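Trainee: Please pick one part of this model and go through it closely. Give the cut-offs for each term as you use it.

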Amino acid sequence: DTTCAQQAGWGKCGEWYIQGYCDISCGRCCGDVPPVGDTYGCAQQAAWGKCNESWMKGYCKKTCNTCGITKMTEEKTADGEESNETQVIVGVTVAAVVVVAIAIVVAVVMVLRRKRVVETI
């Protein structure tokens, strides 16, 4: 299991799987960053009730009042230790590995098919 502090220490704050998460460890303040390609802005998305949509996670945190909500929470427990939920990061990492493995298999199959076509010509 990794923590937000470890991710930040490893220089991973700019990675795609950390965006919108680990804001405290990564030194990001809570603000309003609209979703990529959004032409309406955070206030309009909130007015439409879109703050709880899955595609809004990590965006418009100030307007949607989700500044303290992260996949890897960085709140202190009663005994002062940092509490981190890492299952999502691990799940995203596993999913990324699976996607890469599938891409490799597809590439190998395509190469083998091309080789058979060339040999038959």
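Mentor: Start with Trp 16, which counts as exposed because its relative accessibility is 56%. The classes are buried for under 20% relative accessible area, exposed for over 50%, and partly exposed in between, with a 1.4 Å probe and protein chains only. Tyr 17 has a relative accessible area of 19%, so Tyr 17 is buried.

The model is predicted: local features need pLDDT of at least 70, side-chain atom pairs count only at pLDDT 80 or more, and totals for chains, interfaces and linings use all residues. Residues are numbered from 1 along each chain as its sequence is written, and side-chain values use heavy atoms, with hydrogens and water left out.

Next, the rings. Rings of Phe, Tyr and Trp (for Trp, the six-membered ring) pair if their centres lie within 6.5 Å; planes under 30 degrees apart count as stacked, over 60 as edge-to-face, and the rest as tilted. The structure has two aromatic pairs. Trp 16 and Tyr 17 make an edge-to-face pair, with 5.5 Å from centre to centre and 90 degrees between the planes. Tyr 40 and Trp 48 also pair edge-to-face, at 4.8 Å centre to centre and 70 degrees between the planes. Tyr 40 is exposed, because its relative accessible area is 54%. Trp 48 has 43%, so Trp 48 is partly exposed.

Now Lys 62. Lys 62 sits in the loop between α2 (42-47) and β1 (75-76). Helices (H or I, at least four residues) and strands (E, at least two) are DSSP runs, numbered from the N terminus. With a relative accessible area of 55%, Lys 62 is exposed.

For context, the protein chain has three helices and two strands, in the order α-α-β-β-α along the sequence. Of its 121 residues, 21% count as buried. Of the contacts between residues at least 6 apart in sequence, 44% join residues at least 24 apart. The accessible surface of the protein chain is about 8400 Å², 60% of it on carbon and sulfur atoms. Accessible areas come from the Shrake-Rupley method with a 1.4 Å probe; for residues, only the protein chains shown count as cover.

Conventions. Contact means heavy atoms within 4.5 Å.
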